[in-house]
Amino acid sequence: MSKATGGRFFEDFRIGQAIVHPTPRTVTAGDAALYQALYGGRFALFSSDEFARGLGLPAAPLDPLLVFHVVFGKTVPDISLNAVANLGYAEWRHLAPVYGGDTLSAVSEVIGLKENSNRMTGVVYVRTTGTNQRGEAVLSYVRWVMVRKRGAAHTAPEAVLPATAAAVAAADLVLPHELNFAGYDLALAGGQALFEDYAAGERIDHLDGMTVEETEAQMATRLYQNTARVHFNPFAREDGRRLVYGGVVMSTVRALTFNGLENAGLLLAVNAGRHVNPYFAGRTLFAWSEVLETADLGACGALRLRTIGTVDHPCIDCPSEGPQVVLDLDYWAAIPKRAS
Amino acid sequence: MSKATGGRFFEDFRIGQAIVHPTPRTVTAGDAALYQALYGGRFALFSSDEFARGLGLPAAPLDPLLVFHVVFGKTVPDISLNAVANLGYAEWRHLAPVYGGDTLSAVSEVIGLKENSNRMTGVVYVRTTGTNQRGEAVLSYVRWVMVRKRGAAHTAPEAVLPATAAAVAAADLVLPHELNFAGYDLALAGGQALFEDYAAGERIDHLDGMTVEETEAQMATRLYQNTARVHFNPFAREDGRRLVYGGVVMSTVRALTFNGLENAGLLLAVNAGRHVNPYFAGRTLFAWSEVLETADLGACGALRLRTIGTVDHPCIDCPSEGPQVVLDLDYWAAIPKRAS
Amino acid sequence: MSKATGGRFFEDFRIGQAIVHPTPRTVTAGDAALYQALYGGRFALFSSDEFARGLGLPAAPLDPLLVFHVVFGKTVPDISLNAVANLGYAEWRHLAPVYGGDTLSAVSEVIGLKENSNRMTGVVYVRTTGTNQRGEAVLSYVRWVMVRKRGAAHTAPEAVLPATAAAVAAADLVLPHELNFAGYDLALAGGQALFEDYAAGERIDHLDGMTVEETEAQMATRLYQNTARVHFNPFAREDGRRLVYGGVVMSTVRALTFNGLENAGLLLAVNAGRHVNPYFAGRTLFAWSEVLETADLGACGALRLRTIGTVDHPCIDCPSEGPQVVLDLDYWAAIPKRAS
């Protein structure tokens, strides 16, 4: 009965350990269509090969969050099958666009370990790199997660806490090298507001609401080959409910931001992300954003945005705390400049 | 808080106004697979590249209704976000087949405006054209929709009512120019009845029933980038229910017609369409059809069909009115001739 | 009202009858993505073009069960629309890999007929062959199913019972001819256990649980163009419930076996399969397997496995009977050898 595995516990991680995650995945137009059907996004860059070619790219790239979910999914069986909580992200950067036909693989390095004082759990920090079939890194991020110990009696290694940046510096953002916003078509993109039109402190209620059903959450999570038990198996939670994968909330909320951020579709980096409250299927997500910072990258601008996702609560009052808040995401997105 | 838009109101439309709809969309084999999974159609022409090649086409075209939904979806944020009711269609013609890899765009021209006597709403008439990446029109239709006014006090323009044909004339139907039914394989198509076997007045109970779930309706509607609030956001309706996009009913009912119309898969035009009653998810759709007219197009025949969709009511009695009727569609479909 | 068909009854079958099933189907990356989203499989061979190329194949083949479902779906309108029960399978062999872009067709030959003593039903045996666009057989299986008679008064033909093998002999298993396990990457495949590590009698609890929702079952079944009424139309069953297509259970359970059979993804043949109890959506599937037999095929090994699927019952106790058991599948899967 020993061939099936139940995942690593805190004691199974070692500083410096490199974990090659199984099941490389060729992403295709089929994945892009499912992503479209699951979230309903409208950013032209990911929707139209023609639009993308007008910007110098060979085809419409996959939505960066789809790339993230596929890479993240690979890490779950190795890193977080026995996780109690997903604590945070840092230094999450997209390093190259991913296209239909590319094959994604992932490797994680253990960069931090710290037992909790209750001796029953510990925090594991990993730096995960997603690569394409040419071995080029397409995504890198640090994640930390609270993982169960096999038991209190087990001795834990000395605590190592990695230093991570509070936010990705604008200078560290990576634009797809072929991207050229010169031919950007505002009418097809669907919004008139460009880099110069946004200012730090500005708030946008994205107005629309989107309900996520259990099936949608499950199909998305399987698409990403994410095997976390709590998303599929009601026997894995005491309350017998299935928890929606936080990435589903992230993608749904991000799709909602189109209304007001039409030209800021290209996610470049995530500075920090917090699943403030669990989200269960059948409830309706809303979103609002605040511009935290703007940065001129030369070829285009970048907006540092804080987007809040709420549940069953339209965002006219821009809530940032409370039981109705499910997501608090701090990220950078590229946006064309008037000059470009 | 002003960058997100809530859509045009009646006062925002002007006769002659041309609206370029955002978010061009490359349709792919992924969309075709989702369409298959959502409706279960069995028309060989859309299912098999080999079958389509046998008829002179380069590959299986996308189902014309999928093309319609994608084009229609683009118009929603610009035309009908503040619609009260979708009133009708006319002069809906498919002008060229669409294949995986094609990119669809849409433009609408405002051709009619009429304020309602209550001064709270008005009817907007648009002619929408869908084009592919070569700028070729693939679809054209007139639609009219009742849209909210910003307020009763606003002055409305003088009423302009467009003249539309009561039905598309057989002479105006457009066949894919490469299509050649000479090699049509009846066994693979699944039905023996050809053009000569159908006569005006004939009725067909399509027998099968199909239930549509909330998730399916949502996934379809997101796939089409249709943002109408009532399909996703229960807060947008007083009864807190989500309304299923009428196009989902249309596609489901059309797929049901395979049983009895196996060789009439290629929709050429819609003369008129009415969503007789709202459809809510979880109920079972049935369908029956009447042959209204037949037309010899030379290279093939065409059937003018009236297909009625009902809910939770098998169609042995061919009902055309009453609360169980949800769809009343009058359309032309191509069908091979014995001679061809 | 006669053009729509209600399917064959027992009296409509004749020994030796060859039935060409309608609606050839081009399978694509879109189908593969949906299959991934519906079942969540992690076998590297079907997930990554690069991994498959490393084994000598031109791309990742479609999961053999997806091929089976598509072929099987074609037969339903012709064979089992009036079925009372799906009784069994034999001599089910996959004969060539299927890739995105291939077009599948199916033909069935009636090889057995036996009226039941109640005179209301009879058992129909067919041998079905699925072929690709080059006319190469990709799948062959015998299936028997209990079908309604038009009436007790109808005379039945003399009983003919086909001889079928109790199991597919190891010598009759067909490996994809280009397949070469020399470059097999264990880290990417996700498991260390190879042919030599499994022994007859060994049992594996696959640990994970997966819930299937009604929508998922419907979408899968439509994807396969399977028209059996009981899966979509609650009016077709006295209890008003929709029965999940048994193939959905099969694919879900097979995906669960990854945990413990990571290197045995390539299904070569099914010796026998039984849907022990009906499965209704919303319940959680679990699985365990027993190694029945091992066979050295030269280029690789093969495991003969018995996999049991259960519902709402984790498999720590390896149940093989009782109301919680829904699937009992006896099959062969290829697995690399240490030497290879």
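Predicted model: local features only at pLDDT ≥ 70, side-chain atom pairs only at ≥ 80, totals over all residues.
**View 1. A stacked pair of aromatic rings within chain A, formed by Tyr125(A) and Trp144(A).** Over all chains the count comes to 50 aromatic pairs. In the pair shown here, the ring centres of Tyr125(A) and Trp144(A) are 5.8 Å apart and the planes stand at 25 degrees, which is under 30 degrees, so the pair is stacked. The two residues belong to distant parts of the chain, since Tyr125(A) is in strand β5 (residues 121–131) of chain A and Trp144(A) in strand β6 (residues 137–148) of chain A, 19 residues apart. Tyr125(A) has a relative accessibility of 13% and therefore counts as buried, the limit being under 20%.

View 2. As for accessibility, Phe286(A) counts as buried at 2%, whereas Phe235(B) is partly exposed, with a relative accessible area of 45%.

**View 3. An aromatic cluster in chain A.** One cluster of aromatic residues is formed by Phe68(A), Phe72(A), Tyr89(A), Trp92(A), Tyr141(A), Tyr224(A) and Tyr245(A).

**View 4. Arginine over a phenylalanine ring, shown in chain A and in chain C.** In chain A, Arg241(A) is placed over the face of Phe280(A), at 3.7 Å from the ring centre. In chain C, the ring of Phe280(C) has the charged end of Arg241(C) over it, 3.7 Å from its centre.

**View 5. The interface of chain C and chain A.** On the side of chain C, 48 residues are in contact with 32 residues of chain A, and the area buried between these chains is about 3200 Å², with 59% of it given by carbon and sulfur atoms. The residues of chain C that lose the most area to chain A are Ala37(C), Arg42(C) and Leu188(C), which together make up 19% of what that side buries. Between chain C and chain A there are 3 salt bridges, and a salt bridge joins the side chains of Glu202(C) and Lys3(A) at 2.4 Å, N to O. The rule also finds 20 residue pairs in polar contact across this interface. Among the elements of chain C that each supply at least two residues to the side touching chain A are α1 (29–39), α5 (186–189) and β9 (284–296), and α1(C) gives the largest share of that side, 8 residues.

**View 6. The interface of chain B and chain C.** In this view 48 residues of chain B are in contact with 32 residues of chain C, and about 3200 Å² is buried between them, of which carbon and sulfur atoms give 59%. Ala37(B), Arg42(B) and Leu188(B) supply 19% of the area that chain B buries against chain C, more than any other three residues. Across the interface the rule finds 3 salt bridges, and the side chains of Arg222(C) and Glu216(B) meet in a salt bridge at 3.1 Å, N to O. There are also 20 residue pairs in polar contact across the interface. Elements of chain B that each supply at least two residues to the side touching chain C include α2 (44–47), α3 (49–53) and β10 (284–296), and the largest share of that side, 8 residues, comes from α1(B).

Conventions
Residues numbered from 1 in each chain as written. Chains lettered and ligands numbered in written order. Heavy atoms only, no water. Phe/Tyr/Trp six-rings, centres within 6.5 Å; stacked < 30°, edge-to-face > 60°. Helix = DSSP H or I, 4+ residues; strand = E, 2+ residues; numbered from the N terminus. Buried < 20%, exposed > 50% of the residue type's maximum accessible area, 1.4 Å probe, protein only. Lys NZ or Arg CZ within 6 Å of the ring centre and 35° of its normal. Contact = heavy atoms within 4.5 Å. Buried area = accessible area lost by both parts, 1.4 Å probe. Salt bridge = Lys/Arg side-chain N within 4 Å of Asp/Glu carboxyl O. Polar contact = N/O pair within 3.5 Å; in protein donor to acceptor, adjacent residues only side chain to side chain.
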